[in-house]
Amino acid sequence: MKRLVGISNRTAAGGPKAGGLAVALWDALVQRKGLWFGWSGEVVDKDRVRRGVELFDEEGVEFALTDLTEAEHEGYYLGYANRSLWPVLHYRVDLANFDEDEYACYREVNRRFAKLIYSRLDEDDLVWVHDYHLFPLPQDLRDLGWRGRTGFFLHIPFPPPEIFKSIPDHRALTQGLCACDVIGFQTVSDRDNFVKYCVSELGAKQNGAEEISVNNRSITIKAYPIGIDAEEFKRLAEEEEGRQAASRIEPFLGERRALILGVDRMDYSKGIPNRFQAVGKLLDNEPGLHGRIAYTQIAPPSRTKVEEYKELRGELDTLAGRINGDYGDLDWIPIRYLARSYPREQLAGLYRLARVALVTPLHDGMNLVAKEFAAAQDPEDPGVLILSQFAGAAEQLKHGALIVNPHDISAMADAMREALNMALPERKKRYEALARMVFGQDIAWWREAFMADLDPNGEPAEVVSLH
Ligand code: ADQ
């Protein structure tokens, strides 16, 4: 089996505690005794920066981590990646701030990473690059002489060409990416947007639905919707730590209150203010629900050095305060908003207790919370998932979830009422549709689907958790 070299901005050094990328790549790297290259998470001042890498082993995975200088952290990470690329790829050109110096820094960091990696590559290795921080890196590796199989997976959406083209350096980014052999997206619609872009902007030729040729290279372009370790989540939801977390919230619910739950990183792409407004609308429309619902929103702050994220925090504080002021009572607070994170074990218990999950991003690559909620349900008495049509997960989960437009506040309020009143047979039917996708197309399925294309002549690994 060929060695896999994973490259991502952040790694799972210290063990894969968070969901998504960390778990997915970790298992693939353990299987193939791989190498994981990325940022250490450390920011050091210019005089002290280690320009090389720190090497260590964890459970047979070799890590090669490098620090960022303050200037790199500001220009490459907070700047270009998160103030230019993140908003545009989430359809928010209005929030993007394009700065030439930040772009130059982003390019420089990608080149520096490529050099550090190239010196550690063997010609038979498989390279798998992750996410928007590293668009130019595949070409930077080629420029150094790398000829081996190279794949890229984009975790966030790829918008229509008209939006992507607003990035001043869009061509350089996509040319860098097109040095790959396989490029993966979360959804068919992201993939189609990218293919359309490559045909119109890079003169690519389309050879069937899943292949293009550009710059004399054939590239497999496919949707690989990322999954979760659904069995593990189901198990966590039934375990003691999850039950204990649920029992901490139960006194607040009493006999008659239904828990409506939201769990998100605090990010403007997640549509949390719209959700708060929809809860206000529901209470406006349905006086009978006063005292009968408890909406809890868990949202740990992220990227707090970026201005838009600070503003979002202020907006949520104001909205929650106003709705609670308007509708709350001596013995009832309609919105509980907790700006902190909880261990996965506890989240799993809260998902299981919730009657309704509100997963209503304005745009989202996939959204793993939707899948975690589904996996955690009691099949005999499941809760209902309300899911944005703009979450990547909607492509797979449209038959089980109530699909909403997150900009339509009234429609979201109606969906909450429908979910709260939904009879058991309908809830079970919907749960079964969700479970088929979430357990069937889980994280192992995703990883093996990508690896099969990256290493077409390799032995397929056994997919252990696939049903
Ligand atoms: P994120 O934008 O971070 O990921 P998401 O897919 O929802 O979004 O994953 C978040 C993860 O963090 C989940 O595993 C969730 O349980 C956890 N999490 C969220 N809030 C938490 C809290 N309060 N406490 C503890 N844990 C919390 C990016 C893309 C997504 C894509 C993933 C994976 O933006 O669209 O689905 O990568 O590809």
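Student: Which residues have the most contacts inside the largest nonpolar core?

Tutor: The general idea comes first: in soluble globular proteins, nonpolar side chains tend to be buried together. In this predicted model, the largest nonpolar core has 145 residues, and those with the most contacts inside it are Y351, A357, A370, L385, I386, L387 and M416. Helix α2 (residues 70-89) gives the most to this core, contributing eight residues.

Student: Which strands are joined to β15 by bridges?

Tutor: Take β14 (residues 356-359) to begin with: four bridges join β14 to β15, and the two run parallel. Within that pairing, V359 stands opposite L387. To get from β14 to β15, the chain passes through helix α13 (residues 368-376), and this β-α-β crossover is right-handed. Then there's β16 (residues 402-404), also parallel to β15 and joined to it by three bridges. Here I386 has L402 as its bridge partner.

Student: And which residues is L385 in contact with, leaving aside neighbours within four places in sequence?

Tutor: Its partners are A357, V359, A370, F373, A374, L397, G400, A401 and L434.

Methods: Residues are numbered from 1 along each chain as its sequence is written. This is a predicted model: local features need pLDDT of at least 70, side-chain atom pairs count only at pLDDT 80 or more; totals for chains, interfaces and linings use all residues. Two strands pair if DSSP finds at least two bridges between them. A crossover is right-handed if, with the strands pointing away from the viewer, the path from the first strand over the helix to the second runs clockwise. A nonpolar core is a set of buried Ala, Val, Leu, Ile, Met, Phe, Trp, Tyr and Cys residues joined through C-beta atoms within 7 Å. A residue is buried if 20 or more other C-beta atoms lie within 10 Å of its own, exposed if 12 or fewer, and partly exposed in between; C-beta atoms are placed from the backbone. Two residues are in contact if their C-beta atoms, placed from the backbone, lie within 7 Å.
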